Amino acid sequence: MNVLDIQNLHVAFTQRGRVTPVLRGIDLSIEPGRICGLVGESGGGKTMVGKAITGILPEDARVTAGRILFKGQNLVDLADKERRQLLGRSIAMILQQPTTALNPVLRIETQIVEVLQRQMGLAHQAARARALDLLNTVQIRAPERVLRQYPHELSGGMCQRVVIAIAFSCQPALIVADEPTTALDVTVQFEILRLLKILQRDFGTAVLFITHDLGVVANLCDRVSVIFGGRIIEEGQTADIFTAPKHPYTSALMAASPRHDQPEKGLHPVPAQIVGQLWREIEDYDRARSS
Amino acid sequence: MPIVYVARRLLMAVPTLLGVVVFIFVLLRVVPGDPIAMMIPGEATPQDIANLRAVYGLDRSIGEQFVIYIGNLLRGDFGESISVKQNVLSLVLDRLPATFELAFVAMVMAIVIGLSFGIIAVYWRRRWPEYAVDAANAIALSLPEFIWGLILILALSVMWPLFPISGRIDPVQAADFKTQFYLFESLLTGRLSLLREVLEYMFLPAVSLALPLAAVIARVLKTSLMEGIGQDYVLLARVKGLSPLRVLLRHVLPNALVSTITITGLHFTFLVGGTVLVELIFSYPGIGNMLYGAAINRDLPLLQGVTIIFAVIFILLNLLIDISYTLVNPRVRLA
């Protein structure tokens with residue numbers, strides 16, 4: 001059984017009675033222990049997919065249709081209390097900005113220990129020992145000291161390691177990683193990705209990897225979904241997508257990625273007619289749904 | 001180091017205090033109104049008046065008077081009150097505990113009410129508790145503390161006599177106290193019926209002082225909490241599966257307190273200023289009431305003494321607010 005099965009997911013914002021759709025019938029599946037890339041440009045709705053899964057959609061947004069099945073259990077109509085049993089324990093999240101993802105006024109220890117206490121039912125001492133283990137696992141030197149520190153005393157890369165430690169703390173079945181390396185510089189990015197890959201493999205965790213960076217997707221993901229305007233326009237094995245993209249937008253997106261080994265290729269924005277065509281299809285889709 | 005920090009702040013307060021002394025001294029001598037005229041009987045001769053002025057040193061130039069006053073101050077001598085004929089410092093110190101206890105109780109009330117209303121409004125946002133808190137805030141903010149005093153007297157002492165209208169304690173019971181700290185003394189000695197009495201007298205003036213401050217705290221806290229709930233670290237806390245109450249109290253609140261203390265800090269000093277009128281309305285025997293009496297009687301030494309004490313309270317209160325700020329915000333170190 002798939003860890004995650006998103007079926008026909010619709011999410012819309014409602015502001016002053018005006019409904020603005022952001023996700024328009026997303027379908028997406030992840031098998032256990034696999035990494036699935038969700039690629040798209042800004043505003044395409046990829047972050048909303050992650051937020052819908054973890055139940056942290058903005059207050060004026062909500063799921064209007066569809067199902068999010070986690071191990072066969074529909075998260076959409078789950079009561080808050082039951083959802084909180086799954087969050088942290090079975091589903092975890094890594095955010096884009098490591099420096100803002102940690103609470104500035106709480107010590108690192110508190111932020112790791114609280115999830116272990118809540119979800120694993122550990123006593124404080126046991127949770128603290130486990131937190132130390134976790135910091136070792138994410139390759140933080142001097143974990144004893146880091147536990148006593150505040151986020152502002154750590155670098156961005158260190159913070160992201162802590163966030164990853166929190167995400168893996170209860171050995172969840174699924175981690176939603178929303179652009180986990182975008183805010184980091186390139187060398188740190190590489191280390192974090194490698195760490196993520198190792199932990200994911202060791203713990204057998206499935207990962208939904210949300211990014212706009214096709215290079216990362218090629219290296220990391222088993223499958224890829226390309227999202228535009230809240231719709232999945234192409235989905236498949238990473239190798240297939242990269243060697244033989246079916247949708248012109250996917251090829252354009254790949255052509256738009258700068259290549260350090262082919263500097264003479266230059267920079268190519270996604271052609272306007274492709275984007276225009278996609279938006280026309282989306283408008284038709286919205287009209288068909290509202291009528 | 002906090003001790004070094006506190007010492008430095010206190011040292012920095014010296015020029016501020018000196019400024020206050022100069023300002024109030026000069027101001028009181030250039031505004032119209034003569035303390036001698038307030039105390040002499042109608043049949044006094046010009047010679048009598050001149051003699052009296054000489055007694056209080058008022059015949060000298062302002063410069064001379066000031067040098068003498070500062071010299072005395074440095075030796076801890078605040079002079080003698082013209083209207084009550086007693087040592088100013090002992091008069092002020094005798095009344096200070098009453099004001100201190102009133103302001104203390106009012107601040108605790110304001111903090112408790114302000115924090116709980118702010119938290120309630122955000123926890124049940126977009127539902128009736130939020131709108132109720134907003135309405136209560138608007139009402140509490142729209143009236144100054146002395147108007148609240150009058151309203152409370154009318155409602156809870158006159159129309160529905162639950163609380164005493166004026167004073168600090170039944171004069172008969174005042175003899176039971178060894179110190180002027182009625183509240184703390186009755187609390188520490190465990191005389192609960194007396195404590196209850198003290199609190200009953202203190203309740204209305206404290207509420208009048210607390211209401212506007214509580215409304216400011218609730219409003220600022222609510223805004224800060226609302227900003228906080230959209231932050232990344234709050235989203236992550238929610239994804240940890242923590243309960244909404246824990247997320248609010250453990251993750252959002254401490255951060256919101258940082259900005260709340262910054263913005264409301266000044267309002268705590270307003271509360272101290274507010275004691276002057278509120279003490280007057282409730283005939284509460286504190287230094288605020290005494291300040292009013294001194295102003296009416298043009299009692300220059302007493303006015304100066306009380307003003308300086310108020311300045312000291314303001315400075316200490318600001319120091320306390322800054323220290324509490326660093327307690328909730330680990331990013332700021334005392335330096």
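Predicted model: local features only at pLDDT ≥ 70, side-chain atom pairs only at ≥ 80, totals over all residues.
Residues are numbered from 1 along each chain as its sequence is written, chains are lettered from A and ligands numbered from 1 in the order in which they are written, and side-chain values use heavy atoms, with hydrogens and water left out.

Chain B has 14 helices and zero strands, where helices (H or I, at least four residues) and strands (E, at least two) are DSSP runs numbered from the N terminus. Its C-alpha atoms fill a box of roughly 85 × 50 × 40 Å along the principal axes.

Two packed helices are described by the angle between their axes and the distance between the axes. Here the axes are lines fitted to C-alpha atoms, for helices over the stretch in contact, with angles running from 0 to 180 degrees between N-to-C directions. Angles under 35 degrees count as roughly parallel, over 145 as roughly antiparallel, 65 to 115 as roughly perpendicular and the rest as oblique.

Take α13(B) (residues 287-296), which packs on two partners. With α5(B) (residues 88-123) the angle is about 130° and the axes lie 8 Å apart, so the pair counts as oblique. In contact (heavy atoms within 4.5 Å) are B:L91, B:V92, B:R95, B:L96 and B:T99 of α5(B) with B:I287, B:G288, B:N289 and B:M290 of α13(B). That set splits into five nonpolar, three polar and one charged; Ala, Val, Leu, Ile, Met, Phe, Trp, Tyr, Cys and Pro count as nonpolar, Asp, Glu, Lys and Arg as charged, and the others, Gly among them, as polar. With α12(B) (residues 244-281), the axes of α13(B) and its partner come within 7 Å and cross at roughly 85°, which makes the two roughly perpendicular. B:V276, B:E279 and B:L280 of α12(B) meet B:I287, B:G288, B:N289, B:L291 and B:Y292 of α13(B), giving five nonpolar, two polar and one charged residues.

Elsewhere in chain B, α6(B) (residues 128-142) and α10(B) (residues 192-228) pack at about 140° with axes 8 Å apart, and are therefore oblique too. Residues in this contact include B:E130 and B:D134 of α6(B), and B:R219 and B:K222 of α10(B). By class, the contact has nine nonpolar, one polar and four charged residues.

As for the interface, chain A puts in 30 residues and chain B 23. The two chains bury about 2,400 Å² between them, 59% of it on carbon and sulfur atoms; buried area is the accessible area (1.4 Å probe) that two parts lose on being put together, summed over both. On the chain A side, A:E59, A:V105 and A:E114 lose the most area to chain B, together 24% of what that side buries.

Side chains of opposite charge can pair when their charged atoms come close. The side chains of B:R125 and A:E59 form a salt bridge at 2.5 Å, N to O. Within chain A, A:E109 and A:R128 pair at 3.1 Å, N to O, linking α4 (residues 108-120) to α5 (residues 124-137) across 19 residues.

Note on methods. Salt bridge = Lys/Arg side-chain N within 4 Å of Asp/Glu carboxyl O.
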